[in-house]
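Work through each task before reading its solution.

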Amino acid sequence: MAQALARFRPARGAVSLDGEEDGPRPLSRREKAAIIVRLLLAEGAPLPLTSLPDDMQEGLAEQMARMRTVDRSTMTAVIEEFVEELESVGLSFPGGLDGALAVMDGHISPSAATRLRRQAGVKGDPWERIVTLPAEKLLKVVEEESVEVAAVMLSKLPVPKAAEVLGKLPGEKARRVAYAVSMTGSVEPETVRRIGLSLLGQLEAEPPRAFTATPVERVGAILNVSAAVTRDEVLKGLDEADAAFAEQVRKAIFTFEHVPRRVLGRDVPKVTRVVEQARLVAVIAAASSRPELSEGVEFLLSNMSQRLAQSLREDAAARGRVKDKEAEEAMNAVVAGIRQLEAAGELVLVVEEEEGG
C-alpha cells in the first residue's frame with residue numbers, strides 16, 4: 001500500500017482546501033493518498049496505517065485535516081490510478097531488517113540473525129523480544145545485574161514469567177529486587193528502553209548452543225532406556241568422576257521403578273493407550289520372576305479398567321517366563337510412552353521430594 005500511495009503521478013482535479021477556492025489544479029501525491037485513505041476508512045476497510053513510516057502517517061493526518069471536498073470525477077480518477085498502481089506491483093518486500101528477519105525466520109541460522117541485529121543495531125522496542133525469552137535465560141542476567149536493573153526487567157515481564165524468575169532467585173536478592181520494583185515509578189521511558197537495549201545485547205551475545213538439552217538431561221535420557229546393569233555401572237563411574245553431576249543425573253532419570261511414585265493413577269489409562277499391549281503383557285509376565293517390578297506392575301493394573309487388567313493378567317500367565325532383554329525393552333516402552341504423554345502435555349510427572357526436605 002505504501003508503494004502505491006507514494007507512486008501517484010501529478011494530475012489535475014477539483015479539491016477544496018481550507019482557505020482556498022474550488023477549481024481544477026494539479027493534485028499532489030499527498031492529496032491523492034488522503035483521498036484514498038478517506039474513502040477506504042469511510043467504507044470500513046481495515047487499514048494497517050501503523051505499518052507506514054511515522055512521517056507518512058503524520059503527513060496523511062495533516063493533509064486530511066486541511067481538505068474539505070473532492071468532486072466525483074477527481075475521486076474516480078484517483079481511484080483508477082491507485083488500482084493501476086496496485087495491479088502493477090508484482091512483489092513487495094518488508095521494510096527494514098526486522099521485517100526481513102521475520103520473513104526469513106526459520107530459514108537462516110539463529111547465529112546469523114543475531115549478528116545481523118547486532119551489526120544494524122536494535123530498532124523498535126527491545127522489550128518485545130526480551131519478554132519472549134525463557135525464564136531460565138532471563139534468570140542468568142538478573143543474577144548478574146544490579147537490583148535496580150533487575151527490578152525494571154521484572155516490571156516489564158508478563159506477571160507469570162516475572163513470578164517464575166523471582167521465585168528462582170536466592171531469598172535475599174529476591175527480597176531486594178521486589179523492594180526495588182516499588183522504586184521504579186519515576187523511571188523515564190527512555191531509561192527503560194536503554195536498559196532493554198543493554199540487556200538484549202547481553203542476551204543475544206550468548207553464542208548459539210549445539211544442543212538444546214543440558215548435559216544432565218542428555219545423559220539422563222540415555223540412561224532411561226539403557227539396561228539396568230549398564231545404568232548402574234555408568235552411575236557408579238560418574239560417582240567416582242563427579243559426584244555432584246552423578247546426583248543430578250540420578251534426579252533426571254525416570255525408569256519403570258519410578259512409575260508408582262511419579263505417575264498419577266488417573267493417568268494410567270492414557271499410558272495403556274499409547275503402549276502396545278504386547279509390551280504390557282511382557283512387563284507383567286516378567287514381574288513373576290523379578291520382584292523389583294511387582295510394585296510398578298500392580299500400580300498399573302490397579303489403575304486401569306478391571307476388564308483390561310484381567311485380560312493382561314491372563315495373557316501374561318499364558319506367556320510364561322520372559323527373557324531379561326525382552327523385559328528391559330518392554331519396560332523401556334512403558335517409560336517411553338509416559339515420556340511421550342508428558343511431552344504432549346497430557347500428563348505431569350510428580351516431582352519427588354528430596355530426603356530431609
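**Exercise 1.** Which kind of contact do the side chains of Arg-290 and Glu-292 make, N to O?

Solution. The model is a predicted one. Step 1: in this model, the N to O distance between the side chains of Arg-290 and Glu-292 is 3.0 Å. Step 2: the cut-off for a salt bridge is 4 Å, from a side-chain nitrogen of Lys or Arg to a carboxyl oxygen of Asp or Glu. Step 3: the contact between Arg-290 and Glu-292 is therefore a salt bridge.

**Exercise 2.** Classify Arg-290 and Glu-292 as buried, partly exposed or exposed.

Solution. Step 1: buried means under 20% relative accessible area, and exposed means over 50%. Step 2: Arg-290 has 12%, so Arg-290 is buried. Step 3: Glu-292 has 43%, so Glu-292 is partly exposed.

**Exercise 3.** Where in the chain are the partners Glu-298 and Arg-313?

Solution. Step 1: the closest N and O atoms of Glu-298 and Arg-313 are 3.5 Å apart, and the two residues form a salt bridge. Step 2: Glu-298 is in helix α19 (residues 294-302), while Arg-313 is in helix α20 (residues 306-319). Step 3: the pair is 15 residues apart and links distant parts of the chain. Step 4: Glu-298 is partly exposed at 40% relative accessibility, and Arg-313 is partly exposed at 36%.

Terms used. Residues are numbered from 1 along each chain as its sequence is written. This is a predicted model: local features need pLDDT of at least 70, side-chain atom pairs count only at pLDDT 80 or more; totals for chains, interfaces and linings use all residues. Side-chain values use heavy atoms; hydrogens and water are left out. Buried means under 20% relative accessible area, exposed over 50%, partly exposed in between (1.4 Å probe, protein chains only). Helices (H or I, at least four residues) and strands (E, at least two) are DSSP runs, numbered from the N terminus.
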